[in-house]
Protein chains: 2
Amino acid sequence: MEFLDELRDLKVQVKYSAIIENVEVFNKIVIAGMGGSGIAGKIFSELYSGVPIVNVDDYRIPDFVDSSTLFIPMSYSGNTEEVLSATAQALKKGAEVVAFTSGGRLSEISKRVIKLPKGLQPRSSLGYMLLPLIRTFLDPQEEILDNAAGLLDEMDGDNSYIREEAEHIYREKAIPVIYGFSPYRNVAYRWRTQFNENSKVLAASSYFPELDHNEIVPLPSTYRSEIFRFYTFDCDMPEAIRKRIDATESVGGIKINRIEARGKSVIERLFYLIHYGDYLSYHLSIVRGKDPRDVTPIEKLKKMIS
Amino acid sequence: MEFLDELRDLKVQVKYSAIIENVEVFNKIVIAGMGGSGIAGKIFSELYSGVPIVNVDDYRIPDFVDSSTLFIPMSYSGNTEEVLSATAQALKKGAEVVAFTSGGRLSEISKRVIKLPKGLQPRSSLGYMLLPLIRTFLDPQEEILDNAAGLLDEMDGDNSYIREEAEHIYREKAIPVIYGFSPYRNVAYRWRTQFNENSKVLAASSYFPELDHNEIVPLPSTYRSEIFRFYTFDCDMPEAIRKRIDATESVGGIKINRIEARGKSVIERLFYLIHYGDYLSYHLSIVRGKDPRDVTPIEKLKKMIS
């Protein structure tokens, strides 16, 4: 599949109908996943907090994992070594394991599996990984998902305004810095990792209000401040956060580019912002003459450590 | 107090003897804190996982908070608006609130308070905030804390080797990038925020193994890669992480400076590494001709939004 076709698949993915059955009996959730297969759990943990959710992006699981724990390992390939290690520990402790994967070893060791369609890069399967969580725990109206699909389809049709933004980044050879805020902290992180993997540029992310307690200090007086280009999102800000964004611009002496999300609900706006970052990083890869699909360093590293 | 005296206070703080009584009855912990008053909870959540710990650095608390939740608001001043907002919600939900503070409004609204000595910057009170958590949940031998104090005392006596590293950063006008790994992910974040507040330079942090799934991709081919100076820690690495650090250097074509921690236990090494970052950011402020104590942008912002 061409990389652009992978991006265009998101509008299909937001209609993915799998759900996890019988979740009521668990009093905590652990979601294990790395990189493109870990971002869904991180984003979801900002949308739902009915029980404690702990994200694991490492080899080891927390001590508290027990038979009352819903343990969700996510690995698109099913062969991510950290996730396999974590899942083996969770099984040993009697946790209920429901794996999200397209196959691999993970689908063999897990009793319950949410099967994901094959053929994508892990980072292009975010919708497939996020939807079963959203459907199971948030139970959105079908209309909301239809609308989200519509917004994504529109963006697939015309995203030239996003290419202009990418050209701007490239002209400045800017390092993108994305400032998130709840429930979009991990959308900022997603943008950062998409800049990394698609555009092959380093990027940074942090979030309000925490960054106003430390990262704001160097803004007016640091060296090399001219190389950063700052972004945040324009939607769902509580009044206190809106004030902080304005004040951070003013005190920091920086311009924070605000990406206005379209959509009538948080779920629609969430996918709009995710997709915006997909296209922004995609266009930046193209203007830089880089293949957005290529992640040779990850493959080299995997070989080297195996 | 001179800023250097504040740094030197850490060896006193690691002997702080306060503990939280009767924690056995709670099945989850929420720790709320911002910036220099939030880092203790973040570091602690890597050391203990007997029950789920959720860190809150925002105005709102998770839905799951209830009367079985130990809620620990940390605010050195006792007047941090995010923490006061979060604490009011926790009280309303019947959580057991044990505040860590030197006074302020927080000490008035909380029934149980761990009182912290006054006179420090919040970021210089990390030991006071971390020790009651460590003593309560990890119950370390007194000898370990004595040894930690001894190591910190030695560093207070001679830290010229750390000044050299700071001079190196300044010569290159480098942006420090700190790669952590468990249980030192948030020590990397602490370094980043100390670079922000003390040195007035932007810094980045991320962690193994997650960064090998995204951030490694741009390293060999990004623009502006020469401006970063990479750090990691040399202690307590599982073999898999050690391999990854080596492979990341090799595949990424970068040098990762490894800071070897001294100390016979994780707690000693933890404080050694924290203190190393304190001095590194302190010396960088001095070679840059900046006052390490000054956090005018934070104060300006607070005025602007109040």
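Predicted model: local features only at pLDDT ≥ 70, side-chain atom pairs only at ≥ 80, totals over all residues.

Residues are numbered from 1 along each chain as its sequence is written, chains are lettered from A and ligands numbered from 1 in the order in which they are written, and side-chain values use heavy atoms, with hydrogens and water left out.

I begin with the aromatic residues. Rings of Phe, Tyr and Trp (its six-membered ring) pair if their centres lie within 6.5 Å; planes under 30 degrees apart count as stacked, over 60 as edge-to-face and the rest as tilted. By this rule there are 30 aromatic pairs over all chains. In one of them, the ring centres of A:Tyr16 and A:Tyr128 are 5.0 Å apart with the planes at 80 degrees, so this pair is edge-to-face. A:Tyr16 lies in the loop between helix H2 (10-13) and strand S1 (28-32) of chain A, and A:Tyr128 in helix H6 (residues 126-138) of chain A, so the pair ties together parts 112 residues apart in sequence. Helices (H or I, at least four residues) and strands (E, at least two) are DSSP runs, numbered from the N terminus. Both A:Tyr16 and A:Tyr128 are buried, that is, under 20% relative accessible area, where exposed is over 50% and partly exposed in between (1.4 Å probe, protein chains only).

A:Phe44, in helix H3 (residues 39-44) of chain A, is also counted as buried, because its relative accessibility is 0%. Beyond neighbours within four places in sequence, its contacts include A:Ile31, A:Leu130 and A:Phe137, a contact being heavy atoms within 4.5 Å.

On a 1 Å grid over the protein atoms alone, a cavity is a set of points where a 1.4 Å probe fits but cannot get out, and a pocket is an open set with protein on both sides within 12 Å along at least five of seven lines; lining residues have an atom within 4 Å of a point. The largest cavity has a volume of about 210 Å³. Among the residues closest to its centre are A:Ala203 and B:Ala203. The second largest pocket has a volume of about 500 Å³, and H12(A) gives the most to its lining, with four residues. A volume is the space filled by probe spheres set on the grid points, which are joined across faces, edges and corners.
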